[in-house]
Amino acid sequence: MERIRITVGLGSCGIASGAKIVYEALKEKTQKLNVQIVKVGCIGICRYEPIVEIYKDGNRITYINVSEKDVEDIIEKTIKNNEIIESLSLKEENNNILNDPFLKRQTRIVLENCGKINPENIDEYGGYKALRKALKMDKDEIIHEVKESKLRGRGGAGFKTGDKWSLVKASAGDKKYVCCNADEGDPGAFMDRAILEGDPHSVIEAMIIAGYAVGASEGFIYVREEYPLAVERLKVAIKQAQSKKYLGKNILNSGFNFNLELRLGAGAFVCGEETALMASIEGKRGEPRLRPPYPAEKGVYNSPTLLNNVETFANIPIIILNGSAWFNSLGTDKSGGTKVFALGGKIKNTGLVEVPIGTELKEIIYDIGGGIANDKKFKAAQTGGPSGGCIPASLINVKMDYDNLKEIGTMMGSGGLIVTDEDTCMVDIAKFFLDFAVSESCGKCTPCRIGTKRVYEILDKITKGKGTIEDLENLDNLSKHIQATSFCGLGQTATNPVLSTMRYFKEEYISHIVEKKCPAKVCKDLLKYKINKELCKACGLCAKNCPVNAIIKTDDKYEIDESKCIKCGACFNNCHFKAIEKE
Amino acid sequence: MNKEIDEIIKNSESLIEMLQKIQKIDGYLYFERLFYLSEKLDMSLEDIYSTATFYNGFSFNMKGKYQINICLGTVCYVKGSKELSEEISKILNIKDGECTKDGKFSLDTTRCLGCCSMAPVMKINDDIYGFVKKEQVKEILAKYN
Amino acid sequence: MVTLKINDKEVSVNDGDTILDAAKKLNIFIPTLCYLKEINKVASCRMCLVEIKGLPKLMTSCSTEAKEGMEVYTETDKIKEARKNNLELLLSNHNKDCDNCLKNNQCKFQELLDKYDIKEKYKNTREKLNIDNSTTYLVRDSNKCILCGRCVDVCSKVQDISVIGRNGRGITTQIGCAFEYPMVDSPCIGCGQCTLVCPTGALTEKDDTKEVENAINNKDLHVIACTAPAVRAALGEEFDMPIGTNAKGKMVTSLRKLGFDKVFDVDFAADLTIMEEVNELIERIKENKNLPMFTSCSPGWIKYVEQYHPELIDNLSTCKSPQQMMGAILKTYYAKKENIDPSKIFVVMIMPCIAKKFERARDGANDIDVVLTTRETARMIKRQNIDFNSLEDSEYDLPLGIGASVVFGSSGGVMEAALRTLTETLTNKPLEKIEFNEVRGLDGIKEATYDVNGREINVAIVSGIKNAKKIIKKIKNKEVNYDFVEFMTCPGGCLNGGGQPYIDFDKYDVEEVKKLRMKCLMEEDKNLPIRKAHENPSIKELYKSFLDHPGSELAEKLLHTKYEKREKYKK
């Protein structure tokens, strides 16, 4: 009888949901059975974790939100008796996660293996076929393929990958480097982590191919220390690739040598900037340096360096295998392939979404994401993380590609896609991102170092009801100044969240300033809590929870003493009768 | 004590890597260690210190046996992770970046841990807790005794 | 060569030159705060932005290479606006306290704020930072720092010791020592090169002028000013005299006007140093012991050896520096001779150096009461409304106002003075040619070999700690075989000391200025009636009536010192 394959999603999110305990229990209790328990990466629907999938007789049965106590049942009922456990299964989807609307509408190239194969087993990745093919190709032919694929950098600015490769190839130098930017720093984006945890070999294979094409013999993967699992899986994968002779000397008897090392980032968002990243690889402060010379001429240790990010590299093997024509049939005229978005915020289905470049935002939010959580109204989507901006509801039909997003004042960035609803205050969002920019600015240049702080302070003032109309003009001028005169990309984009929210939600800013009101009822200082006497049952729970004793009993009902209230929201959160209202 | 550092120097490729390994030993970076490193590397101590202070990943405060990290990534922030941090501060009577007097817990906020779909997220050593509610904090901390 | 246009004027510059270089050639002013030729090119202050036709982005002229056919504009509305914005931002993080600031009217930042008419636009929300005045020579006020990074680069690239650096990140970045050690407990050697480049008042010498003014006002005290050789070559710059003007005569007059009872020349003590040092060298060569011998005039260098290379302490000459010798002689020989109670003598040393303030107290001696830098001295003169430029010249007081060793003020000077005396002492014959041209000049490392009375003497002259580091390495590896090495802390020697007048980097390079100041000293040397230490009549008299002979017991006691190993960081 065929051996049954059981996979457990053991990405960071799975582990955090308790998947490791499930995995251990399954392993222990199936010792005597003809069963193979396999750890796989994150499939991208984190709310289903822990996910256990059983591959049996050509079927794939997906169980979601599995806990330790379910393990016995799974073994007895499903493994031994082919019985589906209703309570764990995805009923409407025919028990198979691939039929889940969230996955079904995706086009998974980069994420194809994530959640399917064991990332710690090189055999499941399958033979480095693209590398074998590439080593038989002419170097220029490889670069030509990458160019023709219209692949653009998935990390931020969207530079054409093929052009980058040919620049590095054309640079003179005995020693060249290939670097992978795995310092995923945009808050809200985690596709790179998913790829590294779920399919690390795709990145390693791509880097070897890149090394061969541009003439580099050494590579670095600069990965965040905050991703311990990704680091671990990369280490395992590199070791396995070495033992299979995909890395090292005379790779597959081609005469080509390539070594790969990990460098752990120590926590600095600015290290996503290429020259800062290179400084950090060399072990220095991650401050961006002057360009020119560009990394393609003088990068790591002053040698020509190719730098791409994780998702960009993960596209390479399939381009080599299936050809550029296949690849660029997906996407738009100017930009081939897919993009992975990390869909989060006030949306029903959160997780990773891979769709062809040019897919409409609406499709991502409603068809894949299932719409806004709690059926509230869609307000805007924030893309590009702290460097990006927002897409308001009026532009929900925008086709998500590099140029369209840039045109409407935001950017693709690394693919963070945070959905906001009517309860989100756009001034507060801008303030959050500026706070991030202030703390992540390297401090080298004046506009970014001091300017972002001043912008943050103006926003803070506005959210506290102390803003003036002149502040708005100031905000606009200063934001544009920082954009125009900062040293590096981080500073040049740091105020995008402000400019973009001001562009589409100016009235919200004005409400804060003129009416001293936060329409989304988020900004504490502009809020008033009130007790609706009709709904109040006088249970006294609010008064009990109030940390400053601002709620007092008058007659039969309770009242909030505004002079004492610190607007902590404790009463609001604790009232069982929705009798506390925000104003 | 410094034998460990000799080993680290031998087996590391960059200063940051050395610092990361040294921090693994003690939980934080302190003068004697880095001074020894600077002498061994024939590098100015300030150059080392300057590099270390650039990165969030390095700490110069003592860390607790259990290191609590509260994610302040966008999603976690929106979902109220700041309240978690405040709650822990209240319970343990320490501020962000500090360590309890008995050396048991230390509290830090951190950049996005990449577990956005489980926001808000907190981490204690290597254990990640998702969908944490303010009310659960006490219970979670009680596990570490 | 490339030809470009700046503000519609054509100019040709060398390949690789920047737009800023080209603008300088046309006398077009572009403001800079962080740029420092050949040292700091980080394009971080964003003041030197210019517009280039065809490029949408503003470019920093300090870092952008001039290209053939470029059309550059330096004063468009867009640029002015950008510069104003940046100045407003810098000001918002700067403790503007010009009236109480030592840098008042000499501050590049202040100059630009005035030029662009910048008023406070944003509130300074930075928490007040501690002012580090832990040392006796330097004050570091981070509240005034604009993070241009010049001091850091000088400390690392020029002196190669990196005592201060950027700590932290972003808006909280601060210049400081490792683990925020106070300067006094850090390995800072006190060269003060950082104070020369700071565009604000964040790094200054510790001002001791008040103490001197009090002493002068105290009628019980006999207050003496002694000026070091390099001061005369630079003091005039403070009064807008051309760089390289020898202001000796006016300086002496102005000091008298300030109320000093006597004005002496440290050139005298330099001669005394040569007498003792040459004697020591001859002994060491004879015994072949503790060679090569290192000079000990430069206090930064001494502290460097004590902290970084204590195993080489025995190679240091035991001679006190001219400053310390001067003090010792004033409070003994001079006191006795003039019949003044030494406790009533108040000695003020006027030095091109801030480390001298540290050196003052190093022997535990009280021979010197205050050390003033060239800058502080100018400050006193200005404060008294003395019209320096129209002063008459006057001569130093006797007997300690005669010196043969004005060359001490320049790199190679100690060596040259020593060689003059050494050769004549050993050969007993007058030199045919008094100049030792091989040891002159501004190169950081110079080497020469002389045949002195049949023995080959190998010498080296080193200035700047970066170069000192290199040479020490060679000495330790026995790659070189020197007998005598002159080490100066500051590149070019005392003429470029950390206490010298600020250089306007918009107009001059350090190298240019060093050359002019050196020329001034060499000119004076050429015209001196006595150019050899051992021929100085005052020195002869001193030995005859007081010290007996070089290396005598009394000379050992008064003129020689000991060194000790110092921890780099004191707990």
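Select A:Lys582 and A:Phe572: the charged end of A:Lys582 sits over the ring of A:Phe572, 4.8 Å from its centre. A charge counts as over a ring if NZ of Lys or CZ of Arg is within 6 Å of the ring centre and within 35 degrees of the ring normal. Next, go to A:Lys444, which lies over the face of A:Phe487 at 4.4 Å from the ring centre.

This is a predicted model, in which local features need pLDDT of at least 70, side-chain atom pairs count only at pLDDT 80 or more, and totals for chains, interfaces and linings use all residues. Residues are numbered from 1 along each chain as its sequence is written, chains are lettered from A, and side-chain values use heavy atoms, without hydrogens and water.

**Aromatic pairs**

The structure holds 34 aromatic pairs over all chains. Rings of Phe, Tyr and Trp (its six-membered ring) pair if their centres lie within 6.5 Å; planes under 30 degrees apart are stacked, over 60 edge-to-face, and the rest tilted. Select A:Tyr212 and A:Phe256, an edge-to-face pair at 5.4 Å centre to centre with 70° between the planes. A:Tyr212 is in helix α10 (residues 200–214) of chain A, and A:Phe256, 44 residues away, is in the loop between α11 (228–243) and β7 (259–265). Helices (H or I, at least four residues) and strands (E, at least two) are DSSP runs, numbered from the N terminus.

Move to chain C and select C:Phe239 and C:Phe388, a stacked pair at 4.2 Å centre to centre with 15° between the planes. C:Phe239 is in the loop between α7 (229–232) and α8 and C:Phe388 in the loop between α13 (374–383) and α14 (413–427), so the pair ties together parts 149 residues apart in sequence. Both C:Phe239 and C:Phe388 are buried; buried means under 20% relative accessible area, exposed over 50%, partly exposed in between (1.4 Å probe, protein chains only).

**Leucine and helix**

Stay in chain C and select C:Leu258, in helix α8 (residues 248–258). C:Leu258 is buried, with a relative accessible area of 11%. Leaving aside neighbours within four places in sequence, C:Leu258 is in contact (heavy atoms within 4.5 Å) with residues including C:Ile216 and C:Met380.

Back in chain A, select helix α21 (residues 496–504): 8 of its 9 residues are buried, so the helix is largely enclosed by the rest of the structure. What covers the buried residues of α21(A) includes β12 (389–392) and α17 (426–440) of chain A.

**Cysteines**

Finally, select A:Cys180. How far is its sulfur from the closest cysteine sulfur? The distance is 8.7 Å, to A:Cys179, too far for a bond. A disulfide is a pair of cysteine sulfur atoms within 2.5 Å, and the count over all chains is 0.
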